[in-house]
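Here is a friendly walk through one protein chain, written to be read with the model open beside you.

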Amino acid sequence: MIKLDLITGFLGSGKTTFIKKYAGYLLNRGERICIIENDFGAINVDMVMLKDLEGERCNLEMIVGGDGQEAHRRRLKTKLIAMAMQGYDRIIIEPSGIFDPDEFFDLVYEEPLDRWYEIGNVICIVDPTLDKNISDSSKYILATEAAVSGVILFSKINFCSEEDIKSSEKFLKKTMEDFGCLRENQKFSLIALDWDSLAESDYKHIVKSGYNKVSYTKLPILDSDKFDTVFYFDFEMSEKNLRENIQKIFLDSECGYVHRIKGIVQNEDRSFYEINANRKNITSKTVTAERSILIVIGEHLKKEKLSAYLGDATL
């Protein structure tokens with residue numbers, strides 16, 4: 001049976017960064033793996049971050065998303081059927097940060113997938129710098145993703161104090177309790193370490209962490225119009241100006257509630273850089289790319305307000 005690992009986490013939590021490290025560990029163990037990337041929007045930027053993993057024992061696949069839960073589920077099932085006979089030991093699925101974990105569990109038990117696949121691990125990435133004043137819809141997504149995981153990993157530890165980590169753990173447990181996702185007898189495994197310092201014993205724990213099946217009251221978040229994505233194709237702006245404008249967007253409530261801004265952007269000298277921003281941190285680095293795109297993800301976004309900082313959206 002091929003193991004299926006699901007890497008969940010709210011928008012901007014650091015899922016792709018973790019997958020690079022996790023996949024590297026699995027490859028060093030001799031496993032043959034495939035990584036399936038999906039994003040809330042129709043264009044996937046995170047594939048660029050994983051390109052250096054591609055090789056004889058690691059394949060990258062993409063699912064186009066952004067047009068509804070049923071369409072995403074159908075595409076994922078079709079992709080898994082096509083990949084079943086390709087000799088993988090493990091497939092890692094990175095869904096959008098806005099994702100219903102039950103979609104994953106239901107899919108694995110459907111025919112014919114149940115003949116070829118078994119659930120390996122559900123790993124949840126949580127950013128302890130996440131704004132604690134997020135909407136109830138966002139809290140629900142965070143709670144359900146964390147509740148079903150076999151292990152939770154805090155990201156961006158180098159940006160946090162010890163008090164930040166403790167308060168974030170308290171917030172996470174409280175959020176899970178509020179939505180009926182945390183039971184006293186449920187396993188709650190949390191790793192709060194800098195990922196560069198993860199030891200062999202940590203990875204052994206992660207790779208055997210499994211998952212939890214938890215009952216909770218379902219909310220119709222994914223079929224609502226609350227979460228939006230705005231695209232800017234062939235986007236060009238200097239890194240300095242974009243950083244300043246992103247900070248203004250996060251402070252401007254008239255833009256809507258922006259969770260994340262990410263993309264590959266063309267600089268004034270025609271070079272490219274990757275930008276990744278949430279409400280607490282903005283990171284960037286030089287990359288090689290052929291085309292630029294910037295994506296804004298949030299709730300109740302106002303395109304006309306965003307255009308004051310980013311120009312006219314192209315989709």
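**The chain as a whole**

Please keep in mind that this is a predicted model. The chain contains ten helices and twelve strands. Of its 315 residues, 57% are buried. Among contacts with a separation of 6 or more, 79% are between residues 24 or more positions apart.

**A buried helix**

Helix α6 covers residues 136-147, which makes twelve residues. From its first C-alpha to its last, α6 reaches 16 Å, close to the 16 Å expected at 1.5 Å a residue. How is this helix placed relative to the rest of the structure? Ten of its twelve residues are buried, so α6 is largely enclosed by the rest of the structure.

**Two helices side by side**

Next, look at helix α9 (residues 239-251) and helix α10 (residues 303-310). Their axes come within 9 Å and cross at roughly 150 degrees. Why do α9 and α10 count as roughly antiparallel? The crossing angle is roughly 150 degrees, and angles over 145 degrees count as roughly antiparallel, so the pair falls in that class. The crossing of α9 past α10 is right-handed.

Which residues of α9 and α10 meet? On the α9 side they are L242, N245, K248 and I249, and on the α10 side L306, Y309 and L310. By class, this contact has five nonpolar residues, one polar and one charged. In general, an α-helix has 3.6 residues a turn, so residues three or four places apart point the same way. That is handy to remember when you view the α9 residues L242, N245 and I249, which are among those meeting α10.

**Two pairs apart in sequence**

K20 sits in helix α1 (residues 15-28), and D106 sits in helix α4 (residues 101-108). The table gives each one with its partner.

| Pair | Separation in sequence | C-alpha to C-alpha distance |
|---|---|---|
| K20 and L50 | 30 residues | 6.5 Å |
| D106 and R73 | 33 residues | 9.8 Å |

K20 counts as partly exposed, at 26% relative accessibility. D106 is partly exposed as well, with a relative accessible area of 40%.

**Backbone geometry worth a look**

Most residues other than glycine have a negative phi, and most peptide bonds are trans.

Which residues does a cis peptide bond join? They are E111 and P112, with omega about -5 degrees. P112 lies in the loop between α4 and α5 (113-116).

K156 is not a glycine, and its phi is positive, near 55 degrees. You will find K156 in the loop between β6 (151-154) and α7 (162-178).

R270 is partly exposed, with a relative accessible area of 49%, and the exposed class begins over 50%.

Definitions and conventions. Residues numbered from 1 in each chain as written. Predicted model: local features only at pLDDT ≥ 70, side-chain atom pairs only at ≥ 80, totals over all residues. Heavy atoms only, no water. Helix = DSSP H or I, 4+ residues; strand = E, 2+ residues; numbered from the N terminus. Buried < 20%, exposed > 50% of the residue type's maximum accessible area, 1.4 Å probe, protein only. Axes fitted to C-alpha atoms, helices over the stretch in contact; angles between N-to-C directions. Parallel < 35°, antiparallel > 145°, perpendicular 65-115°, else oblique. Left-handed = near helix turned anticlockwise from the far one by under 90°. Contact = heavy atoms within 4.5 Å. Nonpolar A, V, L, I, M, F, W, Y, C, P; charged D, E, K, R; others polar. Expected span 1.5 Å × (residues − 1).
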